[in-house]
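Here is a short tour for anyone opening this structure for the first time. Have a look around, then read on.

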Amino acid sequence: MYQQMIFVNLAVNDLEASKRFFTGLGFSLNEQFSDDSTASVVISDTIVLMIMNKERFGDFTKKQIADSSRTVETLLALSAESRVKVDELVDKAIAAGGAPAGETQEQGDFMYGRAFFDPDGHHFEVVWMDPSVIEG
């Protein structure tokens, strides 16, 4: 059965530093789709983060590239399997050179989230939702 994938493309200032950051979070690199200007970061079977130096990223757009340290171009949200996994990923991100983004979000017993900025200022939300509430 076909599973649609998402490839999120982000411009980064220092490709090597970004590779270290994301592998430090436990994600792997797909070397087949990586080179000296791009790295393919595998988040899951259906989510791939393509991090590119700004020159390579500019090959895909005619628009000005956002300065993610000063502006928000997107909020990237990742699900987690538990509250503990939310905390683990965000704590790893901060320890690996990221920064906290906002306050912890508690929505009763059914939703919990925290957020971080990667070293380039891209905003990542990590959220756990109670599966029994989602299933209805």
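Where is serine 40 found? Serine 40 sits in strand E3 (residues 38-42); helices (H or I, at least four residues) and strands (E, at least two) are DSSP runs, numbered from the N terminus. Before going further: this is a predicted model, where local features need pLDDT of at least 70 and side-chain atom pairs count only at pLDDT 80 or more, while totals for chains, interfaces and linings use all residues. Residues are numbered from 1 along each chain as its sequence is written, and side-chain values use heavy atoms, with hydrogens and water left out.

Serine 40 is buried, with a relative accessible area of 3% (buried means under 20%, exposed over 50%, partly exposed in between, using a 1.4 Å probe and protein chains only). Setting aside neighbours within four places in sequence, serine 40 is in contact with residues including Ser28, Phe33 and Val48 (contact means heavy atoms within 4.5 Å).

Now for the rings. The whole structure holds four aromatic pairs. Rings of Phe, Tyr and Trp (its six-membered ring) pair if their centres lie within 6.5 Å; planes under 30 degrees apart count as stacked, over 60 as edge-to-face and the rest as tilted. Two of the pairs are tabulated here.

| Pair | Centre to centre | Plane angle | Type |
|---|---|---|---|
| Phe21 and Phe116 | 6.2 Å | 55 degrees | tilted |
| Phe116 and Phe124 | 5.2 Å | 5 degrees | stacked |

Phenylalanine 21 in helix H1 (residues 15-24) and phenylalanine 116 in strand E8 (residues 111-117) are 95 residues apart, so their pair links distant parts of the chain. Phenylalanine 21 is buried at 2% relative accessibility, and phenylalanine 116 is buried at 1%. Ring pairs join Phe21, Phe22, Phe116 and Phe124 into a cluster.
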